[in-house]
Amino acid sequence: MGRPLKIAKAQAVLTITDTAETGSVVTVTQNLNTLGIIAGMPFVAASDVGGLTAGTTYYVAAVLSSTTFSASATQLSVQPRVMASLSDTTGGSVAATVGAVDGDPVSIILTIDLMSERYNDCLLPGDTRPAF
């Protein structure tokens, strides 16, 4: 049997340029849609900016446009949700790391022993592989 595969959750690094108190809005330079940033993803700013504290985990509450999202201080499953307390800032350049949401399906690893009697249990309707 081969070596097991290890899967790392992907991360993206964003550059925060502006924050807005109203709506807890964060503006970044990257295209959030292209990077696959979605609500619920955790993010951490590298340094303090606009009310975000360096090293503290925040969450993307909602993607508002290709370069803006609202920030939550709590995971989206927590009710009532607590939005991040931001202040109005402009012209910044602060890195923020965005990680995958825990529980997101990253991939599935399936190992099938072709010599096992259980192999036939894995066949799908219409599968043309020979049965053992």
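## T17 in strand 1

T17 is buried, at a relative accessible area of 17% (buried means under 20% relative accessible area, with a 1.4 Å probe and protein chains only). The residue belongs to strand 1, residues 11-20 (strands are DSSP runs of E of at least two residues, numbered from the N terminus). Beyond its neighbours within four places in sequence, T17 contacts T27, V28, T29, T90, G91 and G92 (contact means heavy atoms within 4.5 Å).

This is a predicted model, in which local features need pLDDT of at least 70 and side-chain atom pairs count only at pLDDT 80 or more, while totals for chains, interfaces and linings use all residues. Residues are numbered from 1 along each chain as its sequence is written, and side-chain values use heavy atoms, leaving out hydrogens and water.

## Pairing of strand 1

Strand 1 pairs antiparallel with strand 6 (residues 94-99) over six bridges (two strands pair if DSSP finds at least two bridges between them). Here V13 stands opposite T97.

Strand 1 also runs antiparallel to strand 2 (residues 25-28), joined by four bridges, and I16 stands opposite V28. These two strands form a hairpin with four residues between them, and G23 in the turn has a positive phi of about 85°.

## Aromatic residues

The structure holds two aromatic pairs (rings of Phe, Tyr and Trp, the last by its six-membered ring, pair if their centres lie within 6.5 Å; planes over 60 degrees apart count as edge-to-face, under 30 as stacked and the rest as tilted). F43 and F69 form an edge-to-face pair, 5.1 Å centre to centre with 80° between the planes. F43 lies in strand 3 (residues 42-45) and F69 in strand 5 (residues 68-72), so the pair ties together parts 26 residues apart in sequence.

F43 is buried at 0% relative accessibility, and F69 is buried at 1%. F43, Y58 and F69 form one aromatic cluster.

Technical notes:
Buried < 20%, exposed > 50% of the residue type's maximum accessible area, 1.4 Å probe, protein only.
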